[in-house]
Amino acid sequence: MERPFPTVAVVGLGTMGAGIAVAVARSGRRVIGIEAGPDQAARALARIEEATARAVERERLTAEMRTALLALIQVGHDLGRAAEADLVIEEVPEQLELKREIFAELDRICPPETVLATGTTALSVTRIAAATARPERVLGVHFFNPVHSMKLVEVVRTVLTSPQAAEDVAEFARSLGKEPVAAGDRPGFIVNGLLFAYLNQAAAMFESRYATREDIDAAMRLGCGLPMGPLALLDLIGIDTARTVLEAMYEQSKDRLHAPAPILGQLVAAGLLGRKSGRGFYTYEAPGSSKVVAESAAAGSNRPAGREVRTVGVCGSGTMATGIVEVFAKAGYTVFLAARSQEKADAAKAQLAKSLERSVAKGRLSAEARDAALALVTPTGSYTDLAEVDLVVEAVAEDLGVKRELFAALDKIVRPGAVLATTTSSLPVISCATATSRPQDVIGMHFFNPAPAMKLVEVVSTVLTAEDVTSTVLELCAKVKKHPVECGDRAGFIVNALLFPYLNDAVRMLQEHYATVDDIDTAMKLGCGYPMGPFELLDVVGLDVSLTIEQVLHQEFREPGLAAAPLLEHLVAAGCLGRKSGRGFRDHARR
Ligand SMILES: NC(=O)c1ccc[n+]([C@@H]2O[C@H](COP(=O)([O-])OP(=O)(O)OC[C@H]3O[C@@H](n4cnc5c(N)ncnc54)[C@H](O)[C@@H]3O)[C@@H](O)[C@H]2O)c1
């Protein structure tokens with residue numbers, strides 16, 4: 001196939017337009033840049049010259065390449081010149097009327113075969129297309145900022161866009177070294193559609209004082225490996241921009257989860273727009289700075305000191321229990337590994353030995369440290385061996401009956417004053433606490449899998465947890481080199497309450513045939529820098545586990561938007577549970 005669109009006009013050469021003009025010229029195409037007037041055109045040209053000079057300094061471009069690509073770009077202010085282009089990309093400010101006027105003009109100016117693309121983020125491509133007499137040749141082409149480094153391009157088709165035009169634009173994007181994904185015309189397309197609902201929930205979580213901004217951000221970075229926490233990201237995007245995108249999403253979906261959290265409106269009204277204004281959720285050194293200024297008097301600083309912990313009991317013999325034993329033993333604690341039978345406890349210790357051996361083989365642990373850690377661990381089939389420990393961490397099956405029975409037993413065995421912790425990820429901690437006669441000593445310690453590697457621990461205090469018990473666990477986390485975040489005893493804690501609704505939204509997108517599994521995964525990885533796409537993650541976590549968490553969240557908050565997507569239920573019913581069963585959203589058996 002011939003290279004599509006040898007001549008491209010870019011209308012509006014601001015942040016996005018200037019970046020796109022350079023990317024297009026780099027592909028060897030002629031670029032006609034069009035600004036609103038002569039002054040704006042001069043400024044735009046200067047911007048392009050500066051940006052490319054910086055690229056030469058940073059060795060992203062050679063001086064010769066810069067000269068060659070600048071020779072391909074002409075900048076003016078006559079929209080009529082768009083007539084010479086095969087493709088016009090519009091990148092003017094995000095105002096529907098302005099964009100519609102420009103498209104009506106372009107439709108008049110350009111030959112009938114010219115393809116017209118809008119760079120809108122949140123406006124309806126269909127309504128922009130309706131300003132022309134050629135809606136089959138109008139589509140959205142959504143680049144990401146900064147254009148030179150972001151590989152993703154969402155190619156947005158309306159119901160009227162011809163498949164050929166969409167394919168040509170996708171091919172064009174590939175020839176710029178980008179990775180195009182196909183999306184339908186709905187606010188936010190793929191990336192923002194999934195991202196902003198999640199950001200909105202994080203803002204609402206902060207607003208309800210469920211957790212601090214630092215803890216919400218740390219939880220998502222450390223618990224999910226995201227490059228940035230949601231509140232820091234909102235500050236970077238701009239609170240006003242985020243609110244506009246959410247308004248557009250809500251307008252169409254009428255889903256309350258898209259209705260901008262009230263705090264976003266308050267921040268905007270107060271002029272606290274994020275980094276660009278020097279303050280948003282965080283305060284920055286100066287407008288435009290990325291350096292956060294610490295604010296005084298952290299909450300909780302007058303909390304009592306914690307209790308002393310020297311010996312630890314871990315109940316369970318599965319993945320989490322074994323991983324948690326490893327964490328404590330490596331930090332020098334004496335650990336009793338208590339399972340339902342001596343055989344199970346011995347087998348768990350053997351697993352631990354294997355894991356430590358792997359660390360030695362990888363050079364991460366010395367042979368002495370391995371031996372020292374192993375020597376600290378006593379496997380036992382009897383919970384009575386936990387009588388004198390200072391802390392018990394329960395990591396048995398995720399079943400309330402089983403856990404309550406265990407807590408009732410521990411209550412009779414373990415010395416008074418010991419801290420009793422549960423690692424549950426979806427059951428109420430308080431239900432474990434009330435199975436004992438000492439609910440003030442019971443707390444949640446939600447570790448992440450694999451426990452030795454994942455730094456995050458959600459520390460979940462119930463309404464009855466004593467303050468010094470919370471202190472004990474926070475201090476202990478620091479000693480075993482974990483990052484604790486504090487939250488209350490409600491479904492999903494921080495991470496799962498923000499993660500699973502996003503995963504569920506992705507399943508809904510798929511179920512509605514809005515985009516494919518591969519395109520959604522690619523979009524989130526390239527658009528947001530996530531380590532895995534939502535479907536990759538669902539297949540790893542397990543579809544049954546994910547469904548249970550979504551059901552618990554829905555049951556807790558009764559939010560219609562949190563109801564598990566029927567497609568997820570169907571897959572679970574069909575036995576497609578993800579990697580562990582060989583098939584989930586993808587077929588792993590055939591790979
Ligand atoms: N900034 C981002 O991160 C980002 C990312 C993806 C998409 N977008 C979308 O891209 C589009 C452009 O955004 P931006 O951030 O580059 O905006 P911007 O404000 O930086 O640039 C807009 C440019 O358009 C010019 N302009 C205004 N009216 C014009 C007219 N009638 N004719 C020609 N030029 C005109 C302005 O002079 C300005 O240079 C918007 O639709 C935005 O939503 C932005």
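Visitor: In this predicted model, what is the N to O distance in the salt bridge between the side chains of Asp544 and Lys580?
Guide: Asp544 belongs to helix H21 (residues 543–557) while Lys580 sits in the segment after helix H22 (566–573), so the pair ties together parts that are 36 residues apart in sequence. Their side chains meet in a salt bridge, and the distance from N to O is 2.8 Å.

Visitor: Is Lys580 buried or exposed?
Guide: The cut-off for exposed is over 50% relative accessible area. Asp544, at 25%, counts as partly exposed. Lys580 has a relative accessibility of 54%, and it therefore counts as exposed.

Visitor: How many residues apart are Arg307 and Asp441, whose pair links distant parts of the chain?
Guide: The side chains of Arg307 and Asp441 meet in a salt bridge with an N to O distance of 3.0 Å. Arg307 lies in the loop between helix H11 (262–269) and strand S9 (311–315), whereas Asp441 lies in the loop between helix H16 (429–433) and strand S14 (442–447), which puts the two at a separation of 134 residues.

Visitor: Of that pair, is Asp441 buried or exposed?
Guide: Buried requires a relative accessible area under 20%. Arg307, with 22%, is partly exposed. Asp441 has a relative accessible area of 5%, and is therefore buried.

Visitor: What is the relative accessible area of Arg415?
Guide: Arg415 meets Asp390 in a salt bridge between their side chains, at 2.8 Å from N to O. Asp390 counts as buried at 13% relative accessibility. Arg415, in contrast, is partly exposed, and its relative accessible area is 24%.

Visitor: Which are the edge strands of the open sheet?
Guide: Eight strands form this sheet with mixed pairing, in the order S3-S2-S1-S4-S5-S6-S7-S8. An edge strand pairs on one side only, and this holds for strand S3 (73–76) and strand S8 (179–184).

Visitor: Which residue is the bridge partner of Glu90 in S5?
Guide: Strand S4 (residues 87–90) and strand S5 (residues 115–118) run parallel and are joined by four bridges. Glu90 has its bridge partner in S5, and that partner is Thr118.

Visitor: At about what angle to S3 does helix H3 run?
Guide: Helix H3 (residues 63–72) lies across strand S2 (30–34) and S3.

Key. Residues are numbered from 1 along each chain as its sequence is written. This is a predicted model: local features need pLDDT of at least 70, side-chain atom pairs count only at pLDDT 80 or more; totals for chains, interfaces and linings use all residues. Side-chain values use heavy atoms; hydrogens and water are left out. Two strands pair if DSSP finds at least two bridges between them. Contact means heavy atoms within 4.5 Å. Axes are lines fitted to C-alpha atoms, for helices over the stretch in contact, and angles run from 0 to 180 degrees between N-to-C directions. A salt bridge is a side-chain nitrogen of Lys or Arg within 4 Å of a carboxyl oxygen of Asp or Glu. Buried means under 20% relative accessible area, exposed over 50%, partly exposed in between (1.4 Å probe, protein chains only).
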